[in-house]
Amino acid sequence: MSPVAFPMPSKDNDNTETKEEHVLAEKHVLRIPKELVLSYYTQHRDFRRVVDSGKYIYIDGLFVLRPIAIILLEHRIDIHSFFRSKKLFGNINGLTAFCLCEEHLFVERKTKPDELYHSAKEYKGRRIAHAEKVASIDTISQELFQSIITGGGQEPPENFGAMLSFFMEMKGVTEEGLAELTGISDRTIRRFKGEENIRPTLENVVAIGIALHLFPHQITNLLGAAGYQLRKTPKERAYQYLIDAAYNNTVFECNVFLKNHGLQPLTNL
């Protein structure tokens, strides 16, 4: 992407002359391998703040705007060929338009008298930047919007027990297998499936969704069927992050992540 220049006010309090530095921002899509997502979230505060906004879902190394991400996941569309589609995006860079980005900042330099060689710009660091279309009415094209409103695939039941059975059958996971993946006993899982008056804990539902590697919107549906809606407490922000970005991780990995941040694990796994 070609650099974008904008002025940066001088920090000097010199009233005799107003100084300006021209900052060049080069935007690149942010790519993070699956095994580094949790540690990156821990170490980078600005990345954590943007991801906590709930606007993005992690898919194959990229954080994609939620409306687009749901379409890609529902229809199992290859993300890389999708964003290269000239039919959908024309001359727009689909990656920087719809994915979380990283801006590399530079300042224009002037040569010093004793310098024989110099770079035309000086590196000043980097920062996380929202997707270009994050707040725009044209975030999705007509084709994508039609895909959203027509839906895709069979809808799960609304009752939690029936929905749990639906997702387990879809994923080919038995009660014993889910117990091994979550740390929740198979007896408890059978009760979740068969008794309408049994309500799972919030942690149980999140653990089940992650263990089954459900898509974020599917886990949200499962939470809703159990009567939960995530708020903005630190614990629930952490759960929302796991749902959006770590749904392809294991429950054990998520438990370690939570404990490292001073929070209780989802289960005893």
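**Core, helices and salt bridges of a predicted model**

Buried residues account for 42% of the 269 residues in the protein. The model is a predicted one. Its secondary structure consists of 14 helices and six strands. Among the contacts with a separation of 6 or more, 59% are between residues 24 or more positions apart. The protein exposes about 15400 Å², and carbon and sulfur atoms supply 51% of that area.

The interior comes next. In soluble globular proteins, nonpolar side chains tend to be buried together. Here the largest nonpolar core contains 73 residues, and the members with the most contacts inside it are Phe 47, Phe 63, Val 64, Phe 83 and Leu 242. Helix H11 (residues 202–211) gives the most to this core, contributing seven residues. The surroundings of Phe 83 can be listed in detail: with residues up to four places away in sequence not counted, Phe 83 touches Val 64, Ile 68, Leu 72, Phe 89, Gly 94, Leu 95, Phe 98 and Cys 99.

Val 51 is placed in helix H2 (residues 45–51). Val 51 counts as buried because its relative accessible area is 5%, under the 20% limit. Leaving aside neighbours within four places in sequence, Val 51 is in contact with Tyr 41, Phe 63, Leu 100 and Tyr 241.

At the N-terminal end, Asn 159 caps H8, with a side-chain oxygen 2.9 Å from the backbone nitrogen of Gly 161. Following H8 is Gly 172, which has a positive phi near 70 degrees. Within H8, the buried residues are Phe 160, Gly 161, Met 163, Leu 164, Phe 166, Phe 167 and Met 168. Their cover includes helix H9 (175–182), helix H10 (186–194), H11 and H12. Helix H12 (residues 216–225) holds His 217, which counts as buried because its relative accessibility is 13%. With residues up to four places away in sequence not counted, His 217 touches Ile 70 and Glu 74.

Charged side chains form a further set of links. Side chains of opposite charge can pair when their charged atoms come close. The whole structure has eight salt bridges. In one of them, the side chains of Arg 66 and Asp 244 meet at 2.7 Å, N to O. This pair links distant parts of the chain, since Arg 66 is in helix H3 (residues 66–74) and Asp 244 is in helix H13 (residues 234–245), 178 residues apart. Arg 66 is partly exposed at 22% relative accessibility, whereas Asp 244 is buried at 2%.

Another salt bridge joins Arg 190 and Glu 176 at 4.0 Å, N to O. Arg 190 lies in helix H10 and Glu 176 in helix H9, so the pair ties together parts 14 residues apart in sequence. Arg 190 is partly exposed at 38% relative accessibility, and Glu 176 is partly exposed at 46%. A salt bridge at 3.3 Å, N to O, brings together Lys 235 and Glu 203. Lys 235 lies in helix H13 and Glu 203 in helix H11, so this pair ties together parts 32 residues apart in sequence. Lys 235 is partly exposed, with a relative accessible area of 35%, but Glu 203 is buried, at 17%. Finally, salt bridges with shared partners join Glu 175, Glu 176, Asp 186, Arg 190 and Lys 193 into one network.

Conventions: Residues are numbered from 1 along each chain as its sequence is written. This is a predicted model: local features need pLDDT of at least 70, side-chain atom pairs count only at pLDDT 80 or more; totals for chains, interfaces and linings use all residues. Side-chain values use heavy atoms; hydrogens and water are left out. Helices (H or I, at least four residues) and strands (E, at least two) are DSSP runs, numbered from the N terminus. Buried means under 20% relative accessible area, exposed over 50%, partly exposed in between (1.4 Å probe, protein chains only). Contact means heavy atoms within 4.5 Å. Accessible areas come from the Shrake-Rupley method with a 1.4 Å probe; for residues, only the protein chains shown count as cover. A nonpolar core is a set of buried Ala, Val, Leu, Ile, Met, Phe, Trp, Tyr and Cys residues joined through side-chain atoms within 4.5 Å. A polar contact is a pair of N or O atoms within 3.5 Å; within protein, one must be able to donate a hydrogen and the other to accept it, and residues adjacent in sequence count only if both atoms are side-chain atoms.
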